[in-house]
Amino acid sequence: MVFLDRGDAGRQLAVRLRQMQDADPVVLGLPRGGVPVAFEVARTLGAPLDVVVVRKLGVPYQPELAFGAIGEGGVRVLNEYVVKGTGLTGAELSVVESREREELRRRVERYRGEGARIPLAGRTAIIVDDGVATGATARAACQVVRAQGADRIVLAVPVGAPDTVAELSKEADEVICLEQPSWFHAVGQWYYRFGQTSDREVTELLHRSARNVPEPLSAPAGDPPLRDDEVRVIAGQVELAGHLTIPEQPIGMVVFAHGSGSCRHSPRNRYVESVLNGAGLGTLMFDLLTVEEEIHRARVFDIDLLARRLVDVTEWLVRQQHVSGLRIGYFGASTGAGAALSAAADPQVEIHAVVSRGGRPDLAGDRLADVRAATLLIVGGHDTVVLELNQLAQAAMSCEAVLAVVPGATHLFAEPGALEKVAELARDWFVAQLGPIPAEDRSGAETP
């Protein structure tokens, strides 16, 4: 089963939880993505809605891969397999945890304001998320809620990895999971729409639940896309997984380039994708690395390998129906930005635009000077090290290269409004660079 969106998942999950209406439950959403699901559950059960705030601890060079999680009350959960496999040092763990502790504090203040959390002592707590992959955040949430005195803990999710669901049954008194597919890689692959949930949406849902305000009517759906398919692409010796979306009357195509096999399912990337699709741009989200490769640091930073695979995928894309004649651009994040720029310099492909989000363009090395595609480098104002690397890369490029700094944003653009700004900048850049050539420009252009 693939859910339409988080609201649809919440309504289906609520059906399974109806028998708990008489248990005096408190529904606790895991921000951000779990809150829209929890809102539907709380509304169906007539139960109060609150949040349990935890933060994923991401591997520094691959932030979508969690090595643990932290929660309110000093809770800390580590995935020893990931810690050992990535070779993270104690100092690296501390840096990530310190940063996430500050973000956790900020979110608690933003979501609750001056209000107090709903007391859990002696009550049934239903913890809701949009799905579980590694289970680190859900495990931390169960421990936080247990420490807050809940009498019974029920963890409820629409979809989850079977082995993770089994492990979480040791933390919760009951685990309810609608779908446990045997082939599970990431939560986002089980949703048709999986854009990022904003802090504003979380606070609005909490306020609406407290006031029992009905959900506003949805806007009418637009034309269905020409293609919206899971795809498999052979690149070199491996088969890579991806998702191809081509809207009605596309004006161009954007290929997302990431060094992590899970990145195509991340809410950040899915949010940017939805904004591009809304502007008439087709998108190809795919994984540059296989599941087995993504945990190895050397693979993540093998820019030559990533660029070769990106070129192979691009050559596959231009042969697809509805793509002929469309200009193509690359959207790269982190190491994927270095791969995107390196691939854009390859004469085998014709790339008209590149956008880097918090990227490492410096990793393209000498190939930066060969890039001809108009390039937009987006960096957070507080991401000082990466900002300096982008400034040096911009100076090394001979094509049109613009540096856009998002004030107050850090590396992952998690601050309120930061990712929205990234999406707007990327959308406008791609529309300008990939859109149809005006007739007067075509007629007046001559080959020298």
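Colleague: Which strands form the open sheet of five, and in what order?
Modeller: The order is E2-E1-E6-E7-E8, and the pairing is parallel. Please bear in mind that this is a predicted model.

Colleague: Which strands stand at the edges of that sheet?
Modeller: E2 and E8, the latter covering residues 174-179, are the edge strands. Each has a single partner strand, so one side of each is left without a neighbour in the sheet. From one strand to the next, the twist averages 25 degrees.

Colleague: How many bridges join E7 to E8?
Modeller: There are five bridges between E7 and E8, which run parallel. As for individual residues, Ala156 stands opposite Ile176 in E8.

Colleague: Is Gln148 buried or exposed?
Modeller: Gln148 has a relative accessible area of 18%. The cut-off for a buried residue is under 20%, so Gln148 counts as buried. Leaving aside residues up to four places away in sequence, Gln148 touches Arg117, Leu120 and Ala121.

Colleague: Let us turn to the helices. What covers the buried residues of H2?
Modeller: The cover includes helix H1 (6-17) and helix H7 (199-211), together with strands E1 (25-29), E2 (49-51), E6 (124-128) and E7 (152-159).

Colleague: How many residues of H2 are buried?
Modeller: The count is 10 of the 12, so H2 is largely enclosed by the rest of the structure. Among them are Val35, Val37, Phe39, Glu40 and Leu45.

Colleague: What span should H2 have, and what does the model show?
Modeller: H2 runs over residues 34-45, and at 1.5 Å a residue its 12 residues should span 16 Å. The end C-alpha atoms of H2 are 16 Å apart, which agrees.

Colleague: What follows H2?
Modeller: Gly46 follows H2, and the phi of Gly46 is positive, near 65 degrees.

Colleague: What about H4, how far apart are its ends?
Modeller: The end C-alpha atoms of H4 are 33 Å apart. That agrees with the 33 Å that its 23 residues, 90-112, should span at 1.5 Å a residue. Just after H4, Gly113 takes a positive phi of about 60 degrees.

Colleague: Which residues of H4 are buried?
Modeller: The buried residues of H4 include Leu93, Val96, Leu104 and Tyr111, and also charged ones such as Glu97, Glu100, Arg106 and Arg107.

Colleague: At what angle do the axes of H4 and H7 cross?
Modeller: The axes of H4 and H7 cross at roughly 40 degrees and come within 9 Å. The two helices are therefore oblique to each other. H4 contributes Arg106, Arg107, Arg110 and Tyr111 to the contact, and H7 contributes Asp199, Arg200, Val202, Thr203 and Leu206.

Colleague: Finally, how is E10 joined to E9?
Modeller: Nine bridges join E9 to E10, and the two strands run antiparallel. Asp228 stands opposite Thr245 in E10. The hairpin of E9 and E10 has two residues between the strands, and Gly236 in that hairpin takes a positive phi near 65 degrees.

Colleague: How many bridges does E10 form with E12?
Modeller: E10 and E12 pair over four bridges, in the antiparallel sense. Gly242 has Phe286 in E12 as its bridge partner. Eight of the nine residues of E10 are buried, so E10 is largely enclosed by the rest of the structure.

Key
Residues are numbered from 1 along each chain as its sequence is written. This is a predicted model: local features need pLDDT of at least 70, side-chain atom pairs count only at pLDDT 80 or more; totals for chains, interfaces and linings use all residues. Side-chain values use heavy atoms; hydrogens and water are left out. The expected span of a helix is 1.5 Å times one less than its number of residues. Buried means under 20% relative accessible area, exposed over 50%, partly exposed in between (1.4 Å probe, protein chains only). Contact means heavy atoms within 4.5 Å. Axes are lines fitted to C-alpha atoms, for helices over the stretch in contact, and angles run from 0 to 180 degrees between N-to-C directions. Angles under 35 degrees count as roughly parallel, over 145 as roughly antiparallel, 65 to 115 as roughly perpendicular and the rest as oblique. Two strands pair if DSSP finds at least two bridges between them.
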